[in-house]
Amino acid sequence: PDAVRSSALADNGLNKEDFPRWQKVGSDAYIFEGVHSPDPKGTLFTTVSLVVITKEGVLVVDGQGNVPESQQLIDQIKKVTSQPIKYVVVGSDHGDHTGGNAAFTAAYPDAVFVSTAFSKEALARSKNSAVPTRLVKDRETIELGGTEIQVLNLGRAHTGGDLVVYLPASKVLFMSEVYLRGLFPAMRSAYPSEWLATIDKALAMDVSLYIPGHGFTDEGPAMKRD
């Protein structure tokens with residue numbers, strides 16, 4: 001069988017200067033890849049954000065790790081559309097996905113932050129500048145510019161407050177830190193047995209492309225196989 005693809009930049013012939021990157025993954029959906037290094041050895045891998053661009057506004061799932069990196073994401077969105085960011089969904093409340101949230105609140109003060117109650121409490125404790133006001137228990141559907149966006153709580157995984165986002169029209173599922181491709185996940189805040197059940201729920205859905213919160217996105221069959 002094919003080996004799982006490594007998430008390390010060096011293993012893929014890439015370096016820090018190749019980032020950030022922008023890729024279209026659906027009719028109105030894009031991914032933004034920044035870089036992140038929690039490893040004392042300096043190993044770099046991607047942190048992925050999902051961006052849904054519609055004629056009535058933009059929805060972002062997961063920011064980047066600090067304000068300059070999230071500002072890079074905002075600047076990229078502005079190159080594609082003049083529509084404002086109306087929603088920021090917190091798929092993972094960990095700092096490498098939320099540490100730059102102040103950039104969103106500075107640029108778009110009316111943006112609504114969406115999370116589970118668990119993640120709201122985590123962000124409040126961390127004194128994050130953007131504490132969510134719209135909470136998801138099981139499922140919230142956001143209609144934006146004719147695009148249906150399903151924000152789903154499939155169960156606990158890497159953070160305890162994990163959310164995934166499904167685009168039915170494109171059959172794209174952004175899994176945030178429920179899916180860490182080619183990267184062995186830290187377990188200090190995780191729920192391993194529940195995580196497996198959460199992944200099973202995701203695999204049972206009608207999905208053409210699974211997108212990870214870290215690691216590279218390839219063709220649909222490869223992502224499902226991983």
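Where is the place of Ala-190? Ala-190 sits in the loop between strand S11 (172–174) and helix H5 (192–203). Helices (H or I, at least four residues) and strands (E, at least two) are DSSP runs, numbered from the N terminus. This is a predicted model, where local features need pLDDT of at least 70, side-chain atom pairs count only at pLDDT 80 or more, and totals for chains, interfaces and linings use all residues. Residues are numbered from 1 along each chain as its sequence is written, and side-chain values use heavy atoms, with hydrogens and water left out.

Ala-190 has a relative accessible area of 14%, so the residue is buried. Buried means under 20% relative accessible area, exposed over 50%, partly exposed in between (1.4 Å probe, protein chains only). Leaving aside neighbours within four places in sequence, Ala-190 is in contact with Ala-157, His-158 and Trp-195. Contact means heavy atoms within 4.5 Å. The C-alpha atoms of Ala-190 and Arg-156 are separated by 7.8 Å, and these residues are 34 apart along the chain.

**Strands**

Five strands form an open sheet with mixed pairing, in the order S8-S9-S10-S11-S12. Its edge strands are S8 (139–144) and S12, each pairing on one side only. From one strand to the next, the twist averages 20°. Axes are lines fitted to C-alpha atoms, for helices over the stretch in contact, and angles run from 0 to 180 degrees between N-to-C directions. Two strands pair if DSSP finds at least two bridges between them. S8 and strand S9 (residues 147–152) run antiparallel, joined by six bridges. Glu-140 has Val-151 in S9 as its bridge partner.

Elsewhere, strand S1 (residues 21–24) pairs with strand S2 (residues 29–36) in the antiparallel sense over four bridges. A hairpin of four residues joins S1 to S2. Arg-21 has Glu-33 in S2 as its bridge partner.

**Cores and rings**

The largest nonpolar core has 40 residues. A nonpolar core is a set of buried Ala, Val, Leu, Ile, Met, Phe, Trp, Tyr and Cys residues joined through side-chain atoms within 4.5 Å. Leu-50, Leu-59, Leu-173 and Ile-211 have the most contacts inside the largest core. Strand S10 (residues 164–167) gives the most to this core, with four residues. Apart from it lies another core, of 17 residues, including Val-58, Ile-77, Ile-85 and Val-88. Beyond four places in sequence, Leu-173 touches residues including Val-164, Val-165, Tyr-166 and Ile-211.

How many aromatic pairs does a search of the whole structure find? The search finds two. Rings of Phe, Tyr and Trp (its six-membered ring) pair if their centres lie within 6.5 Å; planes under 30 degrees apart count as stacked, over 60 as edge-to-face and the rest as tilted. Trp-22 and Tyr-30 are stacked, at 5.0 Å centre to centre and 15° between the planes. Phe-104 and Phe-113 have ring centres 6.5 Å apart and planes at 65°, so this pair is edge-to-face. Both Phe-104 and Phe-113 are buried.

**Salt bridges**

Side chains of opposite charge can pair when their charged atoms come close. The structure holds seven salt bridges. A salt bridge is a side-chain nitrogen of Lys or Arg within 4 Å of a carboxyl oxygen of Asp or Glu. Three of them are tabulated here.

| Pair | N to O distance |
|---|---|
| Arg-5 and Asp-218 | 2.6 Å |
| Lys-171 and Asp-206 | 3.2 Å |
| Asp-226 and Arg-181 | 2.4 Å |

Arg-5 lies in the segment before S1 and Asp-218 in the loop between S12 and H6, so their pair links distant parts of the chain, 213 residues apart. Lys-171 is in the loop between S10 and S11, and Asp-206 is in the loop between H5 and S12. Their pair ties together parts that are 35 residues apart in sequence. Asp-226 lies in the segment after H6 and Arg-181 in the loop between S11 and H5, so this pair ties together parts 45 residues apart in sequence. Arg-181 is buried, at 4% relative accessibility, whereas Asp-226 is partly exposed at 32%. Salt bridges that share partners join Arg-5, Arg-181, Asp-218 and Asp-226 into one network.

**The loop at Thr-217**

Thr-217 is in the loop between strand S12 (209–211) and helix H6 (220–225). Is Thr-217 buried or exposed? Thr-217 counts as buried because its relative accessibility is 8%. Not counting residues up to four places away in sequence, Thr-217 touches Gln-23, Ile-31, Glu-33, Arg-181, Leu-209, Ile-211, Pro-212 and Met-223.
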